[in-house]
Amino acid sequence: MSKQAWNETVSGMTWGWVGTRGTWTGKEADFSMEEMAKLGVNWAAIALSALQETPQSTEIPFWEDPTVTDDEVRAAIRKAKSLGMKVCLKPVVNVKNGTWRAHIGFFDEEVPGEPSWAQWFASYGKFIAHYAAIAEEEGCEMLCIGCEMVQTDKREAEWRALIADIRPIYAGLITYNCDKYQEGRVKWWDAVDIISSSGYYPIHEWEAHLDRIEGVLAQWNKPFFFMEAGCPSREGSPLRPNDWSLPGGPSEEEQKRYYEAMFGACAKRDWMRGFMLWDWPAKLYDAKDAAANDDYCMYGKSAAKTVGDYYKSGQTPEGLNA
């Protein structure tokens, strides 16, 4: 099957975020991935972050603590594969001072003595190439070359050059995870194999956003799935599922309701290839504490059955009523 005709169903989960050194191996990490697999997960997005100092820093020291070691990355890939999952390796850059990576940016035109896009992409390219080599060696089926890098999206030439440099290193599928609302603003989708985005859309707006995304896909003729999607188990979160800092008490019902709405809308679209849900940590909280947990992970919560039923049904409308 050609990459263009790729039509798998991605019943996926994002595992291990943020990739803190020392957390990806051992009994707790193994248990976490084994529990994740029980939900019918067939793809794991193994996600790690490296830290640059500020949004205007031009070095990404991915070899330094707290980023997971290469041995940990390889071990996580192998564990996922031992459980029958396909793997998308997802190296992500974060900013040490807490600024969201979407705000990494530089002057449009280079100015002597100021940090530049050229300097940043040189470092970022080495970062992605490093993990592309691991992905190739470990047989990962997919590589995600960037996540929610909104200010970088306009740097079309740099992205095309980076992807061209990665192709000889990594032979599998390449995707880029654009941020919510950005699907139509990336002008270099033809350079990747699969379009993916972060699907954190308000619970009542799914149909409108799926209509919009459908129009984008008609332009590019590429497969699509949500590289991220999910909702905290917290009051009010279905209206703004990307914001993990909203006030409100824990609510399994709110999370479950969001998943039902998202799956219900997406099941009607024959072009939807699935989800890498956000998220599943390498160290799980105790199941008895699930009701008090208000984060994205659905382990031990009502939404776990919703996700498991939908994934095990092959993502059909019937799976919502299992």
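Glu 148 is buried, with a relative accessible area of 7%; buried means under 20% relative accessible area, exposed over 50%, and partly exposed in between, using a 1.4 Å probe and protein chains only. This is a predicted model, in which local features need pLDDT of at least 70, side-chain atom pairs count only at pLDDT 80 or more, and totals for chains, interfaces and linings use all residues. Residues are numbered from 1 along each chain as its sequence is written, and side-chain values use heavy atoms, with hydrogens and water left out. Helices (H or I, at least four residues) and strands (E, at least two) are DSSP runs, numbered from the N terminus.

**Helix 3**

- Helix 3 covers residues 117-137, and at 1.5 Å a residue its 21 residues should span 30 Å, which agrees with the 30 Å between its end C-alpha atoms. The expected span is 1.5 Å times one less than the number of residues.
- Buried residues in helix 3 include Trp 117, Trp 120, Phe 121, Tyr 124 and Phe 127.
- The buried residues of helix 3 pack against strand 2 (43-52), helix 2 (70-82), strand 3 (86-95), strand 4 (142-147) and helix 4 (156-166). Contact here means heavy atoms within 4.5 Å.
- Just after helix 3 comes Gly 139, which takes a positive phi of about 75°.

**Strands side by side**

- Strands pair if DSSP finds at least two bridges between them.
- Strand 2 and strand 3 run parallel and are joined by ten bridges; Leu 51 has Asn 94 in strand 3 as its bridge partner.
- Nine of the ten residues of strand 3 are buried, so the rest of the structure largely encloses this strand.
- Strand 3 also pairs with strand 4 in the parallel sense, over two bridges. Here Leu 89 stands opposite Leu 143, and Cys 88 stands opposite Met 142.
- Six of the six residues of strand 4 are buried.
- Strand 4 is joined to strand 5 (residues 173-178) by four bridges, and these two strands run parallel. Leu 143 stands opposite Ile 174 in strand 5.

**Crossovers**

- A crossover is right-handed if, with the strands pointing away from the viewer, the path from the first strand over the helix to the second runs clockwise.
- Strand 2, helix 2 and strand 3 form a right-handed β-α-β unit.
- Strand 4, helix 4 and strand 5 form a right-handed β-α-β unit too.

**A buried charge: Asp 153**

- Asp 153 sits in the loop between strand 4 and helix 4.
- This residue is buried but has no salt bridge, and Arg 185, the nearest side chain of opposite charge, is 8.3 Å away. A salt bridge is a side-chain nitrogen of Lys or Arg within 4 Å of a carboxyl oxygen of Asp or Glu. Lys and Arg count as positive and Asp and Glu as negative, while His and the chain ends are not counted.
- Leaving aside neighbours within four places in sequence, Asp 153 is in contact with Trp 159, Tyr 176, Gln 182, Val 186 and Trp 188.

- Most residues other than glycine have a negative phi, and most peptide bonds are trans.
- Glu 148 is not a glycine, yet has a positive phi of about 55°; Glu 148 is found in the loop between strand 4 and helix 4.
- Tyr 181, also not a glycine, has a positive phi of about 70°. Tyr 181 is partly exposed, with a relative accessible area of 34%.
- The peptide bond from Trp 17 to Val 18 is cis, with omega near 10°.
- The peptide bond from Trp 278 to Asp 279 is cis, with omega near -10°, and Asp 279 lies in strand 8 (residues 272-280).
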